[in-house]
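Colleague: I have a structure to go through before group meeting. Can you walk me through it?

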Amino acid sequence: MNTAKKAPVGQSPLPNLSTQTEQKNASGSSISFSASHLANQFLIAMPGMVDPNFAGSVIYLFEHTERGAMGLVINRPTEVDLATLFDKIELKLEIAPLLHQPVYFGGPVQIERGFVLHEPTKDIVYSSSLAVPGGLTMTTSKDVLEAVATGGGPEKFLMTLGYAGWSAGQLEEEITLNGWMNVPLSQQQMMDIIFDTPSSQRYERTMSHLGFDPSRLSGEAGHA
């Protein structure tokens, strides 16, 4: 898979959480993003996936338009934990259950930047968020981590470094070539997999919703 080297046209570069906080948009509120097509679905890497960045991966797709697609790998924990990351960005995290929660590999694009995938927040607005209708929220501004550090952030979240990106038409082509299968699930089913299922079981759990044996899918066409 050839990942996009920059965000799709019209998409502002995502901030580096280790060095800065993204500015609010013109209205001073979060960005309301209108998802389309495969956004708010999972992508499962097919058994024939040879790219080591994505073999065995499950991706939550939060953007898919004519300009391209963006998503976060949700089942690849790294050796870095939240305590280490918070220390790097000079935030003090004292909430014991979170200290050893892993930071995830979100994808090979902009791996120095942080992305927080979390449950929707109705009454709290962060500086820069993509709220996918009917799905989850992806926040890239440091204020969400500041809230987590003080116990006021989203209860369910997953922190990643980097994201997966596709240029215009690229994802559609990869699905046609049997690189991925898309899996549409309810918001609650997605949250159960991302936040309540051990990372080592998320691929199989996602696949189980389709009733397929992953080992038999190498010859199947994409479920587009």
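Modeller: One term to start with: a residue counts as buried when its relative accessible area is under 20%. Glutamine 110 is buried on that basis, because its relative accessible area is 18%. Bear in mind that this is a predicted model.

Colleague: Where does glutamine 110 sit, and what is its phi?

Modeller: Glutamine 110 lies in strand β7. Its phi is positive, about 50°, although the residue is not a glycine. Most residues other than glycine have a negative phi.

Colleague: Is β7 largely enclosed or largely open?

Modeller: Strand β7 covers residues 109–118, and eight of its ten residues are buried, so the strand is largely enclosed by the rest of the structure.

Colleague: Which strands does β7 pair with?

Modeller: Strand β10, residues 157–167, pairs with β7 in the antiparallel sense over six bridges. Strand β9, residues 137–139, is also an antiparallel partner of β7, over three bridges.

Colleague: Which residues face each other there?

Modeller: On the β10 side, leucine 117 has leucine 158 as its bridge partner. On the β9 side, histidine 118 stands opposite threonine 137.

Colleague: Changing topic. What does β11 pair with, and in which sense?

Modeller: β11 pairs with strand β2, residues 41–45, in the antiparallel sense, over four bridges. Within that pairing, leucine 43 is opposite asparagine 182 of β11.

Colleague: Which way do the β11 side chains point, and are they buried or exposed?

Modeller: Strand β11 runs over residues 180–183. Trp180 and Asn182 point one way, while Met181 and Val183 point the other way. All of these residues are buried.

Colleague: What about asparagine 178, where is that?

Modeller: Asparagine 178 is in the loop between α4, residues 170–176, and β11. Its phi is near 70°, again a positive value in a residue other than glycine. Asparagine 178 counts as buried because its relative accessible area is 15%.

Colleague: Last thing. What is the mean pLDDT?

Modeller: The mean pLDDT of the protein is 80, and 78% of its residues reach 70 or more. Over residues 1–15 the pLDDT is below 50, and that stretch has 45 contacts in the model beyond near neighbours in sequence. Residues 17–36 also have pLDDT below 50, with 49 contacts beyond near neighbours in sequence.

Terms used. Residues numbered from 1 in each chain as written. Heavy atoms only, no water. Buried < 20%, exposed > 50% of the residue type's maximum accessible area, 1.4 Å probe, protein only. Helix = DSSP H or I, 4+ residues; strand = E, 2+ residues; numbered from the N terminus. Pairing = 2+ DSSP bridges. pLDDT = per-residue confidence, 0-100. Contact = heavy atoms within 4.5 Å.
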